[in-house]
Amino acid sequence: MKNLKTSISVLAMSGLIFTSCMDENKSKDMKDMDEENKVEMNSEKEDMLKENTSNSDTEQMMAYNKVTSVDGEVVERSINNDVKALQISGWDGFNELSIEMKKLEDADLNTMQTALPNFESTIASLSTTRPEWMMTEEISEDIEDLQKEYKALMSSDNTNEKKYKRDLEEVNEAYDDLVEEINETFDTYVKINRKANEKLNKNVDNAREKYNKEINKLNEVADDKK
C-alpha cells in the first residue's frame, strides 16, 4: 500500500512536472510566435517606410528636373523612355553617349569590344555640343579624363585581355564621374535659377504695388472724373 501511495505520488509529481514542462514549452512557443509576429510586422513597417521614402525622394527629385531661366530658356533633365538613360536638354553628344552606355550595361566583353570603337565621334563631341550652362571647370576635366581613358582603351597595342578589362573599368569610372558632376551642376543651376526667379517675381510685385499707389494718387487728383 505504501508502495502504491508512493507510486501514485511519483506519478502525480511526474504529471505536475510534465504539465509544467508543457506549459513552459507552450509559453515558450507563444513567446516565439509573438517574436516572429513582431519581426514580421516590423519588417512590413520597414518595407512600407522604405517604399514611402523612396516615393517621396523620387517626387522631390522630379520636382527639380525642369526650370525656366529668367531669359526664358527651358532646361530639363529627363530619362530616355527606351533604355532609361539620363538626358540633358541641349547636349546632343552626352545624350547619345548616355544611351549607348546604357545599352552596354549587361553586355558581355565581346559585345563591348565590338561596340566601343563606334563611340569615338560621340565622345569627341562632348565638348563641342555642351550647352553654356554646363561649361564648368569640373565637367571639362571629367570630359578630358573620359577622352583620355577611352583613347587608352582603343590603343592599337591593347590586345591583352586583362589590360583591356582594366582600361575598360577606367573608362566606366570616368564616365560615372562625368554623370555625377553633370547631375550636381544641373541641381546647382536649377537652385540658382529658382532663387533668381523668386527675386524677380518679388521685384515685379513690389513694382506693381508702387505702380498701383501712383495710380491711386492720380485718381485722387482727377476727382472730377465722371
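Trainee: Which residue in E3 does Arg77 stand opposite?
Mentor: A word on the source: this is a predicted model, in which local features need pLDDT of at least 70, side-chain atom pairs count only at pLDDT 80 or more, and totals for chains, interfaces and linings use all residues. Residues are numbered from 1 along each chain as its sequence is written, and side-chain values use heavy atoms, with hydrogens and water left out. Strand E2 (residues 74-79) pairs with E3 in the antiparallel sense over three bridges, where two strands pair if DSSP finds at least two bridges between them. In E3, the residue opposite Arg77 is Ile88.

Trainee: In E2, which residue is the bridge partner of Lys66?
Mentor: Look at the other pairing of E2: E1 and E2 also run antiparallel, over three bridges. Across that pair, the bridge partner of Lys66 is Glu76.

Trainee: Which are the edge strands of the sheet?
Mentor: The sheet is open and has three strands in the order E1-E2-E3, with antiparallel pairing. Neighbouring strands are turned against each other by 10° on average, direction ignored. An edge strand pairs on one side only, and that describes strand E1 (66-68) and strand E3 (86-88).

Trainee: What pattern does the protein chain follow along the sequence?
Mentor: Helices are DSSP runs of H or I with at least four residues, strands are runs of E with at least two, and both are numbered from the N terminus. By that count, the protein chain has six helices and three strands. Read along the sequence, they give α-β-β-β-α-α-α-α-α.

Trainee: Is Asn65 buried or exposed?
Mentor: Asn65 lies in the loop between helix H1 (2-62) and E1. Beyond its neighbours within four places in sequence, Asn65 is in contact (heavy atoms within 4.5 Å) with Val75, Glu76, Arg77 and Phe186. The classes are buried under 20% relative accessible area, exposed over 50% and partly exposed in between, with a 1.4 Å probe and protein chains only. Asn65 has 9% relative accessibility and therefore counts as buried.

Trainee: Lys84 is not a glycine, so what is the value of its positive phi?
Mentor: Lys84 sits in the loop between E2 and E3, and the hairpin of these strands has six residues between them. Lys84 is exposed, with a relative accessible area of 52%. Its phi is positive, at about 60°.

Trainee: How far apart are the C-alpha atoms of Asn80 and Ser98?
Mentor: Asn80 is also found in the loop between E2 and E3, and at 16% relative accessibility Asn80 counts as buried. Leaving aside neighbours within four places in sequence, Asn80 touches Ala85, Gln87 and Ile99. Asn80 and Ser98 are 18 residues apart along the chain, and their C-alpha atoms are separated by 9.3 Å.

Trainee: At what angle do helix H2 and H4 pack?
Mentor: Axes are lines fitted to C-alpha atoms, for helices over the stretch in contact, and angles between N-to-C directions run from 0 to 180 degrees. The contact is made by Gly93, Phe94, Glu96 and Leu97 of H2 and Thr122, Ile123, Ser125 and Leu126 of H4. Helix H2 (residues 92-103) and H4 have axes 7 Å apart and pack at an angle of about 145°.

Trainee: How do H4 and H5 lie to each other, roughly parallel or roughly antiparallel?
Mentor: The axes of helix H4 (residues 120-128) and helix H5 (residues 137-153) come within 9 Å and cross at roughly 160°. Angles under 35 degrees count as roughly parallel, over 145 as roughly antiparallel, 65 to 115 as roughly perpendicular and the rest as oblique. H4 and H5 are therefore roughly antiparallel.

Trainee: How many residues of the contact of H4 with H5 are nonpolar?
Mentor: The contact is made by Glu120, Ile123, Ala124, Leu126 and Ser127 of H4 and Ile143, Leu146, Gln147 and Tyr150 of H5. Ala, Val, Leu, Ile, Met, Phe, Trp, Tyr, Cys and Pro count as nonpolar, Asp, Glu, Lys and Arg as charged, and the others, Gly among them, as polar. Two residues of this contact are polar, one is charged, and the nonpolar ones number six.

Trainee: What share of the residues of the protein chain counts as buried?
Mentor: Among contacts between residues at least 6 apart in sequence, 60% join residues at least 24 apart. Of the 226 residues of the protein chain, the buried share is 24%.
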